[in-house]
Amino acid sequence: MSAHDAGRDLLRRDPALTESFFLRPIGTLHTPWRSIAECPRNGRQPDPALLCTARVLPEFLDGLQSLQGFSHLILLYWLGAEGQPRTQPRLIFTPPFDPESRGVFATRAPFRPNPIGLSVVAFHGFAAPDCLTVRYLDCLDGTPLLDIKPYLPTTDSEPGAAMGWLDLHATRNRNTPG
């Protein structure tokens, strides 16, 4: 069965998948970067790591309860929102730092079929009841925040994980342990 046929079969078995997804931002990320050219390749690249903020909309403030005490968070965000550059998805491309063509799913590139960004950030507490202070973001100022999850080292860390072709290009500075 081809991948296309498998996708159709899945849609027939689960009619909910034929509906459009609706994502509602829960807030906005604020960073020093106003253009793609300024934005770091990954959030651990700037040394020293710059402070950024995540401002949460009033209707979602109750969801921040009990966030104190976590050292790191996982932030999910929408790349290429209104007013930001949005490129067509590219399934194969040549990264600017590597001479070989790569599949988009083997990269962290922003031009994905669903342009969802993810960063594990250091959480430095609340600047205000609706404003989290974080480090290690790699997105443009004004990026829509989709979700916040606590980073759990017992669940989210794989110390022996392999980085494939990206190991040669890994950011290695005081912001990256190991």
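Predicted model: local features only at pLDDT ≥ 70, side-chain atom pairs only at ≥ 80, totals over all residues.

Trainee: Why is the pair of Phe123 and Phe126 called edge-to-face?

Mentor: The ring centres of Phe123 and Phe126 are 5.6 Å apart, and rings pair if their centres lie within 6.5 Å. Their planes stand at 90 degrees, and planes over 60 degrees apart count as edge-to-face, so that is the name the pair receives. The count of aromatic pairs comes to one.

Trainee: Which residues are in contact with Thr133, and is Thr133 buried or exposed?

Mentor: Thr133, which lies in strand S7, has a relative accessible area of 15%, and because the limit for buried is under 20%, Thr133 is buried. Leaving aside neighbours within four places in sequence, its contacts include Leu51, Cys52, Thr53 and Phe123.

Trainee: What makes Glu59 and Arg24 a salt bridge?

Mentor: Their side chains meet at 2.7 Å, N to O, and because a side-chain nitrogen of Lys or Arg within 4 Å of a carboxyl oxygen of Asp or Glu is what the term requires, the pair qualifies. This pair links distant parts of the chain, with Glu59 in the loop between S2 and S3 and Arg24 in the loop between helix H1 (3-13) and strand S1 (27-30), 35 residues apart. Glu59 counts as partly exposed at 48% relative accessibility, and Arg24 counts as partly exposed at 45%.

Trainee: How do you know that Asp141 and Arg34 also meet in a salt bridge, and where in the chain do they lie?

Mentor: The distance is 3.7 Å, N to O, and because the limit is within 4 Å, this pair qualifies as well. Asp141 is in the loop between S7 and S8 and Arg34 in the loop between S1 and S2, 107 residues apart. Asp141, at 27% relative accessibility, is partly exposed, whereas Arg34, at 57%, is exposed.

Trainee: What links Asp98, Glu100 and Arg102?

Mentor: These residues are linked in a network of salt bridges, and within it the side chains of Arg102 and Glu100 meet at 3.8 Å, N to O. Arg102 is buried, with a relative accessible area of 14%, while Glu100 is partly exposed at 45%. The count for the protein comes to six salt bridges.

Trainee: Why is Leu91 called exposed?

Mentor: Its relative accessibility is 52%, and because exposed means over 50%, Leu91 falls in that class. Leu91 sits in the loop between strand S3 (72-78) and strand S4 (92-93), and together with Ile92 and Phe105 it forms a nonpolar patch on the surface, with about 380 Å² of accessible area together.

Trainee: Which residues have the most contacts inside the largest nonpolar core?

Mentor: They are Leu75, Leu132, Leu137 and Ile148, in a core of 22 residues. Strand S2 (51-56), S3, strand S6 (116-128), strand S7 (131-135) and strand S8 (143-150) each give two or more residues to this core.

How values were computed
Residues numbered from 1 in each chain as written. Heavy atoms only, no water. Patch = residues over 30% accessible without salt bridge, like charges linked within 9 Å, V, L, I, M, F, W, Y side chains within 5 Å. Areas by Shrake-Rupley, 256 points an atom, 1.4 Å probe, with all protein chains shown as cover. Helix = DSSP H or I, 4+ residues; strand = E, 2+ residues; numbered from the N terminus. Buried < 20%, exposed > 50% of the residue type's maximum accessible area, 1.4 Å probe, protein only. Core = buried A, V, L, I, M, F, W, Y, C linked by side-chain atoms within 4.5 Å. Phe/Tyr/Trp six-rings, centres within 6.5 Å; stacked < 30°, edge-to-face > 60°. Contact = heavy atoms within 4.5 Å.
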